[in-house]
Amino acid sequence: MGGLLFTGGTIVTADGSFEADVLIEDEKIVAVGTDIAANGTETVDASGKLIMPGFIDAHTHMAMPFGGTVTSDDWATGTAAAAAGGTTMIIDFALQEEGGTLAGAVETWTEKAKDKALIDYGFHVAITDLRDDVKTELPSLAAQGVASVKIFMAYKGTPLYTEDDDLFETLQLSKEAGVLVLVHAENGDVIAKLQEQALVNGNTAPRFHALTRPPEVEAEATGRAIRLAEVAGAPILVVHVSCAPALEEIHRAHERGQTVYAETCPQYFAFSYDDLAREGFEGAKYVCSPPLRDESNRPALWNGLKVGDLQIFGSDHCSFNYRGQKEMGADDFTLIPNGLPGAEERAMALWTLGVREGRISENQFVAALSTNQARIYGAYPRKGALVPRRGRGHRVVGPGALDHGDGEQPPWQRRLHPVRGDDVRRWSRGGVRAGYLVYKDGEILGEHGSGRFVERNFTATRGLEAKV
Ligand code: URP
Ligand code: ZN
Ligand code: ZN
């Protein structure tokens, strides 16, 4: 099997940066060092470029039924977008169907992924119906390499919505089973009431999506979920944290010494409530949950990433077309499917707004996009590390490619909404998965179906409470 030798690049890891060559053979990194002899191996000149562990995006929704429709990216287009953004592994949410089992969810998602995935993947199972047989089944997830589940405290009136008693029992069972519980923390009851009141008053426009899901509603559910995890003695991971009050709850838990992981997403840095309040129905493109917030929340979110209260930057890639999908809510904002894409733009957004602006270091960038995700989700060190014989995916990027030249808004901002255009200025110069280039200079080179399922467990990180 052919190899690849990257020469003259700068290796950037979560812990530091240094000059070195990288040799890949038989799908594995076999050497990281200086002056590695090529011995006939294909050589890639990486001078002036950064070499990082492949990015992991543990928050995607490909071909997922949601909000009365199905997300518009399937596993072919969605993993291509992720690869173009330097991502070599996604962890997608497999939904338990009404009356279905957890194994059924994994099976359904395996079918969706297997002939289409261009990069490696894993699944979290979203538990929607914690029946007695499902409680018995839950421990078997870990043995299948599915080491995480998600509970939705929001979306009341849909099968996703879960009450506190089931959340609590899921935490108890998962802890015993070596499975990490992820929560979508928003108070579903209060949102349903506020939505009802808004509609009675004739408030149907997209901006009411945010006004009926205020930050306090996210903060309350975040605090509640964390306290339930504390009672259960289980670690917990709060996904898509959007605002300062929710982050305060996480920070307080960290001060108490509780194991709470937390993720934030590019849309909360790139967009704001003002986008939801755009003229006419334009704001529908920006409907996601938790909703876009006032910009005053951003300094706290940046600080959270910097000091480690937020360890993960995921995309929450959940794309819908404007025509025919977002339009479903033209007369009623509660019918607008919730979600934005972002798998391709995620790293670019964090680099442009975070590293280039001096808000986080390049090493914190790698931690939030790769290493922390591998550790917290149980894929380390097969993923998230650039160490000989261990990492299976890495990428090469040139930060010069991040320039957006003409002083206009960065091009990725034009794409980070549900109308997908081709005007993206690609920034990642190349992505390698299992020793092969899957993406180079704007072109997808990998084969759909070549991505592999990555079993996750917590043995390498010595249990659910990963040190990040
Ligand atoms: O609006 C969002 N975030 N859609 C995806 C589903 C979810 O809650 O993560
Ligand atoms: Zn969610
Ligand atoms: Zn999501």
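1. Helices H13 (residues 346-355) and H14 (residues 362-376) have axes that come within 9 Å and cross at roughly 150°. Axes here are lines fitted to C-alpha atoms, for helices over the stretch in contact, with angles from 0 to 180 degrees between N-to-C directions. H13 and H14 are therefore roughly antiparallel to each other (over 145 degrees counts as roughly antiparallel, under 35 as roughly parallel, 65 to 115 as roughly perpendicular and the rest as oblique). Helices are DSSP runs of H or I with at least four residues, strands are runs of E with at least two, and both are numbered from the N terminus.

2. A word on provenance: this is a predicted model, where local features need pLDDT of at least 70 and side-chain atom pairs count only at pLDDT 80 or more, while totals for chains, interfaces and linings use all residues. Residues are numbered from 1 along each chain as its sequence is written, chains are lettered from A and ligands numbered from 1 in the order written, and side-chain values use heavy atoms, without hydrogens and water.

3. Who touches whom in that pair? On the H13 side, Arg346, Ala347, Leu350, Trp351 and Val355 meet Glu362, Phe365, Ala368, Leu369 and Gln373 of H14, contact being heavy atoms within 4.5 Å. By class, that makes 7 nonpolar, 1 polar and 2 charged residues (Ala, Val, Leu, Ile, Met, Phe, Trp, Tyr, Cys and Pro count as nonpolar, Asp, Glu, Lys and Arg as charged, and the others, Gly among them, as polar).

4. Now H5 (residues 164-177) and H8 (residues 215-232): the axes come within 9 Å and cross at roughly 45°, which makes H5 oblique to H8. Asp164, Leu167, Phe168, Leu171, Gln172 and Lys175 in H5 meet Arg224, Ala225, Leu228, Ala229, Val231 and Ala232 in H8. The tally by class is 8 nonpolar, 1 polar and 3 charged residues.

5. On to the metal. The zinc ion (ligand 2) has Lys150 (NZ), His184 (ND1) and His240 (NE2) as protein donors, 2.1 to 2.6 Å away; donors are N, O and S atoms within 2.8 Å of the metal (3.2 Å for Na, K and Ca), and sites may look incomplete because water is not among the atoms. Lys150 sits in strand S11 (residues 148-152) and His240 in the loop between strand S13 (236-238) and helix H9 (244-256), 90 residues apart. Both Lys150 and His240 are buried (under 20% relative accessible area; exposed is over 50%, partly exposed in between, with a 1.4 Å probe and protein chains only). The zinc ion (ligand 3) is 4.0 Å from the zinc ion (ligand 2).

6. Overall, the protein chain has 15 helices and 19 strands, and buried residues make up 60% of its 468 residues.
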